[in-house]
Amino acid sequence: MKALVYGGPGQRSWTEVPDPRIEDPKDVVIRVDTVTVCGTDLHILGGDVPEVTTGRILGHEAVGTVVEAGAGVSALAVGDRVLASCISACGVCRFCREGSYGQCVGGGGWILGHTVDGVQAEFARIPFADLSTYKLPSSVTNEAAVLLADILPTSYEVGVLNGRVSPGDTVVVVGSGPIGLAAILGARLFSPAHVIAVDKAESRLQAAKVFGADVTVLADADPLAVVRSLTGGLGADVVMEAVGTPETFELCTTLVRPGGRVANIGVHGKPATLHLEDLWIRNVTITTGLVDTYSTPKLLGMLVAGQLDTGHMVTHRFALDEIMQAYDAFSRPAQSGALKVVLSR
């Protein structure tokens with residue numbers, strides 16, 4: 001089969017690799033029907049995730065059809081259409097029993113496209129399949145479902161819930177890429193007074209308005225002045241970091257009010273300065289996190305019920321064997337206008 005293979009920082013290729021096979025009774029093998037590219041994949045290619053070794057098949061977000069199931073799989077059968085979650089869960093370690101599946105120490109956590117081969121391929125092995133996949137109702141399209149593999153639960157759990165967004169809050173989302181847009185969408189579920197989007201690109205700020213931001217500001221303007229003008233000089237109740245750079249993290253800590261929350265969603269590859277000399281006296285809470293995907297069933301239910309409108313998220317569509325072009329478009333959004341790229345058979 002063919003797959004997108006990591007060749008070291010800055011190197012990727014769509015090339016022939018061996019077909020996946022059942023390695024554990026709890027595995028399934030899926031035919032990948034729909035897949036997408038994540039900002040984390042770009043961080044890997046940028047050398048920010050050194051655990052990813054040369055030769056690894058990338059990708060951790062897919063919808064597929066089960067073509068083979070291990071003897072220990074009880075909830076799935078050949079022919080089932082499933083969402084493959086970005087997080088795998090052994091189900092029995094301490095963290096899985098607490099619902100912290102991202103921290104699984106029984107062989108799971110974020111492994112797809114990270115420490116085991118991922119799903120940007122024609123076929124993929126999915127470990128711990130009973131707990132790491134979700135059967136999809138016929139009313140949900142592959143394109144809509146693949147957004148539940150990572151970006152929607154990540155933004156909802158690590159951003160909205162960790163940030164404790166509440167009715168009447170002023171919420172700032174720094175970064176209007178797919179994760180930031182999903183964070184805006186999730187924050188709107190809790191009736192905040194304002195959602196302010198900050199980004200370098202005017203095109204992405206326009207997208208943020210579509211997803212529910214009522215105020216937008218260019219990062220090179222004066223976000224702090226805008227936030228203070230809307231909050232009586234106090235600052236935002238919740239600020240979400242959705243980029244993953246030292247500059248954006250430090251900006252977030254300047255925008256938050258005393259007693260407010262900074263929820264870091266972005267993947268960081270470099271150290272960021274934590275100005276405790278300013279923050280310690282302001283009662284600021286800072287949270288970080290890897291998604292656990294415990295919210296995926298709820299989000300899937302909301303998608304089925306029409307409570308999550310993700311229709312504007314996907315801007316570029318490719319055939320699976322056009323994945324090199326898809327990466328080019330996704331990695332250069334200023335030129336391509338890409339938000340989320342989706343590839344299908």
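A nonpolar core is a set of buried Ala, Val, Leu, Ile, Met, Phe, Trp, Tyr and Cys residues joined through side-chain atoms within 4.5 Å. Buried stands for under 20% relative accessible area, exposed for over 50% and partly exposed for the range in between (1.4 Å probe, protein chains only). In the largest such core, which has 87 residues, Ile30, Ile184 and Met240 touch the most other members. The model is predicted: local features need pLDDT of at least 70, side-chain atom pairs count only at pLDDT 80 or more, and totals for chains, interfaces and linings use all residues. Residues are numbered from 1 along each chain as its sequence is written, and side-chain values use heavy atoms, with hydrogens and water left out.

**Annotated span**
- The unreviewed UniProt entry lists residues 7–343 as "domain: Enoyl reductase (ER)"; such positions are given in the numbering used here, feature names are shortened, and annotations may be inferred rather than shown by experiment.
- This span is 28% helix and 23% strand, and its end C-alpha atoms lie 21 Å apart. Helices (H or I, at least four residues) and strands (E, at least two) are DSSP runs, numbered from the N terminus.

- Isoleucine 30 is in contact with Gly64, Thr65, Val66, Val67, Val82, Ala84, Glu122, Phe123, Ala124 and Ile126, leaving aside neighbours within four places in sequence. Contact means heavy atoms within 4.5 Å.
- A second, separate core has 15 residues, including Ala236, Val256, Val262 and Val284.

**Antiparallel strands**
- β3 (residues 28–36) and β4 (residues 62–69) run antiparallel and are joined by seven bridges; strands pair if DSSP finds at least two bridges between them.
- Arginine 31 has threonine 65 in β4 as its bridge partner.
- β4 is also joined to β5 (residues 81–84), by four bridges and again antiparallel, with alanine 62 opposite alanine 84 in β5.

**Parallel sheet**
- Six strands in the order β10-β9-β8-β11-β12-β13 form an open sheet with parallel pairing.
- β10 (215–218) and β13 (285–287) are the edge strands; each has a single partner strand, so one side of each is left without a neighbour in the sheet.
- From one strand to the next, the twist averages 15°.
- Three bridges pair β12 with β13 in the parallel sense, and arginine 261 stands opposite threonine 285 in β13.
- Helix α8 (residues 223–230) packs on the sheet and touches β8 (170–174), β9 (194–199), β10 and β11; the directions of α8 and β10 make about 155°. Axes are lines fitted to C-alpha atoms, for helices over the stretch in contact, and angles run from 0 to 180 degrees between N-to-C directions.

**Helices α5 and α6**
- Helix α5 (residues 151–161) packs with α6 at an angle of about 65°, the axes being 8 Å apart.
- Ile151, Leu152, Thr154, Ser155 and Val160 in α5 meet residues of α6, among them Pro178, Ile179, Ala182 and Leu185.
- Of the 11 residues of α5, 10 are buried. Those buried residues pack against α6, β11 (236–241), β12 (256–264), α11 (296–304) and β15 (340–344).

**Leucine 308**
- Leucine 308 lies in the loop between α11 and β14 (314–319) and is buried, with a relative accessible area of 8%.
- Not counting residues up to four places away in sequence, leucine 308 touches Leu185, Leu189, Leu299, Met302 and Leu303.
- The C-alpha atoms of leucine 308 and cysteine 252 are separated by 26 Å, the two residues being 56 residues apart along the chain.
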